Amino acid sequence: MSKPKHSQGPWADGKDANGKLIQIERPGDDAYTDPDPERVANFHLVNAAPDLLKEMERYLPMFERIEKDYPGVWVDITQGTGIATLNAYRLAILRAKGEAQ
């Protein structure tokens, strides 16, 4: 596995006394303040992205083994989508790394 090009985080959210999100920051960076709900949702997605990528990279080899060694099980868990599932998984990983569009 190659060294990631993206920020590893950790990311943090700053909340006021009432628990309302008031800023988004990564240690060492300037805080970004924006209570807009869409931007807050984007923050949560971006915040989870490194973990999601790590887990996808961890599970892809297992899925490839299941497809190869246990095709009946693979058909059951992918509900017949088979190789399309693996290709979508591979593409998502490449896109997350900036290696595909």
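1. Helices in this note are DSSP runs of at least four residues, numbered from the N terminus. The model is a predicted one. On that basis, Gln-101 falls in the segment that follows helix 3 (83-96).

2. Gln-101 is classed as exposed because its relative accessibility is 87%, and the cut-off for that class is over 50%. Leaving aside residues up to four places away in sequence, Gln-101 is in contact with Leu-91 and Arg-95. The C-alpha atoms of Gln-101 and Leu-91 lie 8.5 Å apart, with a sequence separation of 10 residues.

3. The whole structure contains 3 aromatic pairs. One of them joins Phe-63 and Trp-74 in a tilted arrangement, with 6.1 Å from centre to centre and 45° between the planes. This pair connects distant parts of the chain, since Phe-63 belongs to helix 1 (residues 37-69) and Trp-74 to helix 2 (residues 71-78), 11 residues apart. Trp-74 counts as buried because its relative accessibility is 5%.

4. Phe-63 also pairs with Tyr-89, here edge-to-face, at 5.4 Å centre to centre and with 80° between the planes. That pair again links distant parts of the chain: Phe-63 is in helix 1 and Tyr-89 in helix 3, 26 residues apart. Through ring pairs, Tyr-59, Phe-63, Trp-74 and Tyr-89 are joined into a cluster.

5. Turning to charged side chains, the structure has 3 salt bridges. Side chains of opposite charge can pair when their charged atoms come close. Arg-58 bridges to Glu-55, with 2.8 Å between the closest N and O atoms. Glu-55 is partly exposed, at 31% relative accessibility.

6. A salt bridge also connects Lys-97 with Glu-57, whose closest N and O atoms are 2.7 Å apart. It links distant parts of the chain, as Lys-97 lies in the segment after helix 3 and Glu-57 in helix 1, 40 residues apart. Lys-97 is partly exposed, with a relative accessible area of 26%. Glu-57, by contrast, counts as buried because its relative accessibility is 17%, and the limit for buried is under 20%.

7. Glu-64 and Arg-90 form a salt bridge through their side chains, at 3.0 Å from N to O. Because Glu-64 is in helix 1 and Arg-90 in helix 3, this pair ties together parts 26 residues apart in sequence. Glu-64 is partly exposed at 28% relative accessibility, and Arg-90 is partly exposed with a relative accessible area of 27%.

Key
Residues numbered from 1 in each chain as written. Predicted model: local features only at pLDDT ≥ 70, side-chain atom pairs only at ≥ 80, totals over all residues. Heavy atoms only, no water. Helix = DSSP H or I, 4+ residues; strand = E, 2+ residues; numbered from the N terminus. Buried < 20%, exposed > 50% of the residue type's maximum accessible area, 1.4 Å probe, protein only. Contact = heavy atoms within 4.5 Å. Phe/Tyr/Trp six-rings, centres within 6.5 Å; stacked < 30°, edge-to-face > 60°. Salt bridge = Lys/Arg side-chain N within 4 Å of Asp/Glu carboxyl O.
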